[in-house]
Amino acid sequence: MTMILRSRGINMLAMEIGPSLKVMNTYRMMHRKEGSVSELDDIESRTAVMVDSMLSMGKKAKLTCQKLQDDGSWQEEKIRRKDEPETVDTKPLQSMKEYEEEELINNVCRVLREHRSKNRWNFLKRLYPQGLNTEQVARVLIKIRNKTRLALGFFEWAGKQSHFRHTIETYCAVIHIVAKARLHGLAQSFMQKVLVEERKSCDADSQAFKVLAKTYRVCDSSPAVFDILIKAYLKARRIDQAIGVFQRLKRHAFLPSLDTCNMLLHSVEVCSGSGACLELYREMLEGKIIPNVKTFNMLMLGLCRDNKVKLAEEIFSEMEEADCVGNVFSYNILMDAHCREGNIQDARIFWDKMTQKGLTPDIVSYNALIGGLCSKGKMQEAEVILDQMFEKALVPTCLTYCTLIAGYYKYGNVEKPLTLYEEMTRHDLVPDAVTYSKIIEGLCKSGKMAEATKFLRKILKRGFKHDCFTYRSVICGHCNQGNLEDAFKVQEEMAGNGFEPDIEIYNAFIEAFCKKGEIENAQKLIEEILKTGFTPHSATYKIVIDALVANGNTNDALKLKNQMLEKSLEGDTNTDKSNL
């Protein structure tokens, strides 16, 4: 029995030391061919260190054999009879494989640390011509994790080897390293590649999170890796996976930074609305994350966009209760929301609160209040606010004047908008396309086609270019005045500049034809509308049907009405009462 143990122990020792001695001899022979005499002395000393290491590993194998003997694992009475099949204990073999693997990793790390940068890569290539597998590469990266530049060099070298491709495991290992070194841009770049690899997997769960979490402690990593993962998911518009990572971290009381949480809230609000955003916010509070003013502003803005102003006010109250000081933007959000709903009094309440807190209203604050007053037709009060802006040395914007111009046109004042336009130019404000379009639209709807044409020629000389909105205003204005010839000229110019007529322009021409009694042309235009892919409005059909009935052509009117019903368009009460 003792002979059996000795024999097996010797075999184990040979298996342990053999591969390492082979590496050592290769190392020695290559340097004898390439190195100088002075280098050989250094190599001999290194070789001695390697031999000591190998012998130490051999002693471990021998001790393993002795332990097995002491435990009685190989007792003679357990040796099977000759007629029984022999069983092999695989534990020592597995141990040897682990030793060999560990020694390979240590050898690679030794070469990386001790060789000069110029020849370490070629030496590794000659030492391991078949290359390393992904598990070995990941283990080496973990071993040299504190040497960022060396780890990045090895990662790049491994990726260039034939028959090798980086996996989620190797990417995550290098991400841990660069994240700890605060190279977040580089970590983000690697993480994008992880997501590409992850998409190839059929598993809908986050493989990246599993690997990062598994290797987090052994890599002595930074919490920033999970922030980087969530941001990568958000950039890839994989919101569900980002939320999943957040919830997993929350279950383990390990939460991302507030900045990452705010980014997640914003993405959820954009993709799923303010309701889903509010639910996620409540989860953040459960996880003891303390929101800041940016968090509250984001929530209020999303709620106001969805016309949930009361809920937004509740969030504002929560912000005050949390001793979080709101900024001007916080008040502007609620002021603008109330002004859009026509609640000028409520908007003024928040204006007063803002000034009481020592905050100075900005241009957005004034524009919101002016917009609310104009929507209610309180144009004189709006101009008072404009004067206050000048007193505060605030320069109005194009939006300020555009809002006032639209308000005056809406309530029938045709002269004042042109005065405001001149005032803009005196303050060296260059009107934008929206402002020009509002003036032209107002003049055309007021029937001031001569003034509209004159103004249009004036701004065209200043470099203004027509857009679809401007063409529509002018064409509709001419059609309303019955100037079909002028309308067609503008429409030809519009087509020449690459603009296609929309349904509003078709409606204007159809109504003008019907007023002139040219019903056939109106019917042709309806056919043209259908060919272009537009679906005519019920109002479009009504105009022609009423004209046909008025001319006594009830058959064509009935056909047109049936066509309208086939398009699932409902006629209004007047059309339904037509004598068809």
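This is a predicted model: local features need pLDDT of at least 70, side-chain atom pairs count only at pLDDT 80 or more; totals for chains, interfaces and linings use all residues.
The mean pLDDT of the chain is 81, with 81% of its residues at 70 or more.

Select residues 1–90. Here the pLDDT is below 50, and the stretch has 70 contacts in the model beyond near neighbours in sequence. Proceed to residues 571–580, where pLDDT also stays under 50; for this segment the model has 17 contacts beyond four places in sequence.

Of the 580 residues, 44% count as buried. Among contacts between residues at least 6 apart in sequence, 63% join residues at least 24 apart.

Next, turn to the second largest pocket, which has a volume of about 560 Å³. To find its centre, select Asp336, Cys339, Arg340, Asn367 and Ala368, the closest to that point among the 21 lining residues. Then show the helices α14 (293–305), α16 (328–340), α18 (363–375) and α20 (398–410), each of which gives two or more residues to the lining. Which element gives the most to this lining? It is α16, with seven residues.

Finally, colour the lining of the second largest pocket by residue class: 10 residues are nonpolar, seven are polar and four are charged.

Methods
Residues are numbered from 1 along each chain as its sequence is written. Side-chain values use heavy atoms; hydrogens and water are left out. On a 1 Å grid over the protein atoms alone, a cavity is a set of points where a 1.4 Å probe fits but cannot get out, and a pocket is an open set with protein on both sides within 12 Å along at least five of seven lines; lining residues have an atom within 4 Å of a point. Grid points are joined across faces, edges and corners, and a volume is the space filled by probe spheres set on the points. Helices (H or I, at least four residues) and strands (E, at least two) are DSSP runs, numbered from the N terminus. Ala, Val, Leu, Ile, Met, Phe, Trp, Tyr, Cys and Pro count as nonpolar, Asp, Glu, Lys and Arg as charged, and the others, Gly among them, as polar. Buried means under 20% relative accessible area, exposed over 50%, partly exposed in between (1.4 Å probe, protein chains only). Contact means heavy atoms within 4.5 Å. pLDDT is the predictor's confidence in each residue, from 0 to 100.
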